[in-house]
Amino acid sequence: MGAYSNCVNRQSNGLFFLGLFATLAFVASLTNAETQYHKFVVQETPVKRLCRTNNIITVNGQFPGPTLDVRNGDTLVVEVLNSSPNNVTIHWHGIRQLRTGWADGPEYVTQCPIQPGAAYTYRFTIVDQEGTLWWHAHSRWLRATVHGALVIRPKLGSSYPFPKPKLEFPIVLAEWWYRNILSVQRQAIFTGAAPNVSEAYTINGQPGDLYPCSSQDTVRLSVASGDSVLLRVINAALNQQLFFTVANHRLTVVAADAVYTKPFTTTTIMLGPGQTTDVLLTADQIPAHYYMAARVYATAQNAPFDNTTTTAILEYKSAACKGAKGVPITPILPLLPAYNDTATVTAFTTQLRSPSHVKVPIEITDNLFFTVGLGLVNCTPGPRCQGPNNTRFAASMNNISLVLPRQSSILQAYYQNIPGVFTTDFPPVPPVQFDYTGNVSRGLWQPRFGTRVYKLKYGSTVQIVLQDTAIVTTEDHPIHLHGYDFFIVGQGFGNFNPTTDPAKFNLVDPPQRNTVGAPVGGWVAIRFLADNPGVWLMHCHIDSHLRWGLAMNFLVENGIGELQSIEPPPADLPRC
């Protein structure tokens, strides 16, 4: 993996890669699709960062957690034993979960959480997916430290649609807080205000040279001149979108969200929380030490954010480690975009294309228009009303702020016909039309609360326009749809125009993703075929927004016969 440094005397870059080496050796010995068995122990682990030791929640004592390295067609059986003091679930972000919605993971949507001391086994098969995905906790804000990479290789006998790189290296971007992350969440819930921002960003669990007490453990990737490297970049940050770049090197984008793309070259990529991007890098520069770096892309007006920079080091094996006087050589730092550089983001996202012509749904049966954005709830001034002007923050889609049930998951209630858990009246369009990105009347700032789903027949062809609003502030919202990949057929700024904008849609080679940014002060249009029965969460992947209610659920009904119907629930499905 090239994870070791010729300039730093260390045992390794940490436990992060040990499981990957073992899994690679195991997978290399297989001849066909296999069933892989793993055990995840969720536990408290003392971890030292930024000069302090904190107890954090991890999987198998690792931060990030173990990388799962599999092949297209493999079946995964992962036993999750909860040895932590908190309820937990695990979501396999981007896995289609065809007919296996019980393994999807969002708490109170497809399952009740795994309680302390209990266990649950996730079983699912990877069907026609290749590239980089990831797994993470989907219970409160535990995914801040409970996450890891999920690498899906082609079937044996198949290959990448690009020259095989000499090295592959996962880059997991995340955030770090001094305080216990659940304490940060509880404080935000109590006050109704925005949560405290993180103290640092991390690459593969390490903040990097630019933070205190961090240089010795900075992640390093050693390369020889001429090496080709596949960087599998994952944004696991809780609440921030991030730019990523490598000093003096070009990046060729070859996949996003485990779907191959038409290759294009750039210097900087941007990932919203939940998104992955695979890039090829050639070690074609003067042998030296170069920073790989990530920094925030922030679009909300007057909102605080962590404006620090995390780094790792790309070091050429033939480069000197120290200067003439024995002083360590400082790596070259790249120029990152400004925190609000929407032009760079737009230039990047609009270059994403499918490698060739794809089959986009044309005849649409469900034409949906969802507003996405923040809101404020009026309340009595006091300690629980510390949002703007004595309010509490909220968020919604089509003015409905999602409230999760507690007595049952939504999928269990649907499958077992449990009444009173949800309703099927989520609105297909906003209840009130308004100038979405203009000066919005204060009377529209407070959403309604409920557990409403939108029902889809199996085989429906769906178009959704996701429209940002100026309620509180415009903002780029990374929207993730569970259970599906979708085509991104169009995007723009301002209010969507249903008369003129569809004429500009790309229905030939649009990119496919599972998470898309609804542009700041703009809109994005997606399409998909509803061919996966179950209950599927669609939500903003900024976790503070999810907690405020920026989410909804699709209920896709069974089709005809067993192969178009969700499997029965497993016997060990947790109870509420």
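Where is the place of G157? Hi everyone, let's start there. G157 sits in the loop between strand 8 (147–153) and strand 9 (167–176); strands here are DSSP runs of E with at least two residues, helices are runs of H or I with at least four, and both are numbered from the N terminus.

A quick word on the model. It is predicted, with local features needing pLDDT of at least 70 and side-chain atom pairs counting only at pLDDT 80 or more, while totals for chains, interfaces and linings use all residues. Residues are numbered from 1 along each chain as its sequence is written, and side-chain values use heavy atoms, leaving out hydrogens and water.

Back to G157: its relative accessible area is 85%, so it is exposed (over 50%; buried is under 20%, partly exposed in between, with a 1.4 Å probe and protein chains only). Its C-alpha atom is separated by 9.4 Å from that of N32, 125 residues apart along the chain.

Next, helix 3, residues 342–349: its buried residues are T342, V345 and F348. They cover an arc of only 125° around the axis, which puts them on the same side of helix 3; that arc is taken from the directions from the helix axis to the C-beta atoms. Among the elements they pack against are strand 13 (241–246) and strand 27 (486–493), contact being heavy atoms within 4.5 Å.

Finally, an open, mixed sheet of 5 strands runs 24-32-31-26-29, where pairing takes at least two DSSP bridges. Strand 24 (453–456) and strand 29 (515–518) each have a single partner strand, so one side of each lacks a neighbour in the sheet. Strands 31 and 32 pair antiparallel over 6 bridges, and H539 stands opposite A551 in strand 32. Thanks, everyone!
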